Amino acid sequence: MNSIVLFVVDHKHRDLPSYSLIGYFLTQLGHEVKYVALPKLREVLSKESPQFIVYPKPNYPKDLFALFVEQGGKLIVIDTEGNNQEMFHKYKISLAPNLFFVWNQKSLNKYIEFDDGDDHRVVVGGYYRGDFLHSSMRHVHPQRN
């Protein structure tokens, strides 16, 4: 049985385009993909049972996600805040995500403690918002002057 992946969209103009692209490829692999605006997350989770939640940053409602993880769900963070310019800024993470995508090696070094190499991984995923800047994706959006 294929998985249900729920993407939590914090800022639609910043997060939704890339989430949609990732979702497109996940559907090609046979997974069901759903999207929810951040303020509607609790409401949707009371009705839906995804196997994966993709969240835009590692500071999330611990009470809600602790129950989700306890019931076997997997939490994925794709850090939309990205390459934080404050060198020593670090999120206080009380519930480690199962998979945490960061932008670069400096970010990885900040959160390496959450990578146990098994059920919790921290991975450099790069600048995912730049996917649409690649020449192979330019046809997706109209040209801008």
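Reader: In which segment does Ser 3 lie?
Author: Ser 3 sits in the segment before strand S1 (4-9). Helices (H or I, at least four residues) and strands (E, at least two) are DSSP runs, numbered from the N terminus. Keep in mind that this is a predicted model, in which local features need pLDDT of at least 70 and side-chain atom pairs count only at pLDDT 80 or more, while totals for chains, interfaces and linings use all residues. Residues are numbered from 1 along each chain as its sequence is written, and side-chain values use heavy atoms, with hydrogens and water left out.

Reader: Is Ser 3 buried or exposed?
Author: Buried means under 20% relative accessible area, exposed over 50%, and partly exposed in between (1.4 Å probe, protein chains only). Ser 3 counts as buried because its relative accessible area is 14%.

Reader: Which residues does Ser 3 touch?
Author: A contact means heavy atoms within 4.5 Å. Not counting residues up to four places away in sequence, Ser 3 touches His 31, Glu 32, Gln 51 and Phe 52.

Reader: How many helices and strands does the protein chain have?
Author: There are four helices and six strands in the protein chain. From the N terminus on, its elements run β-α-β-α-β-α-β-β-α-β.

Reader: In what sense do strand S5 and strand S6 pair?
Author: Two strands pair if DSSP finds at least two bridges between them. Strand S5 (residues 99-102) and strand S6 (residues 121-124) pair in the parallel sense, over four bridges. Within this pairing, Phe 100 stands opposite Val 122 in S6.

Reader: What do S5, helix H4 and S6 make?
Author: A crossover is right-handed if, with the strands pointing away from the viewer, the path from the first strand over the helix to the second runs clockwise. S5, helix H4 (residues 105-111) and S6 make a right-handed β-α-β unit.

Reader: Where does Tyr 55 lie, and is Tyr 55 buried or exposed?
Author: Tyr 55 belongs to strand S3 (residues 52-55). With a relative accessible area of 4%, Tyr 55 is buried. Among the residues that Tyr 55 touches, not counting those up to four places away in sequence, are Val 8, Leu 38 and Ile 76.

Reader: How far apart are Tyr 55 and Pro 97 in sequence and in space?
Author: They are 42 residues apart in sequence and 9.4 Å apart in space, C-alpha to C-alpha.
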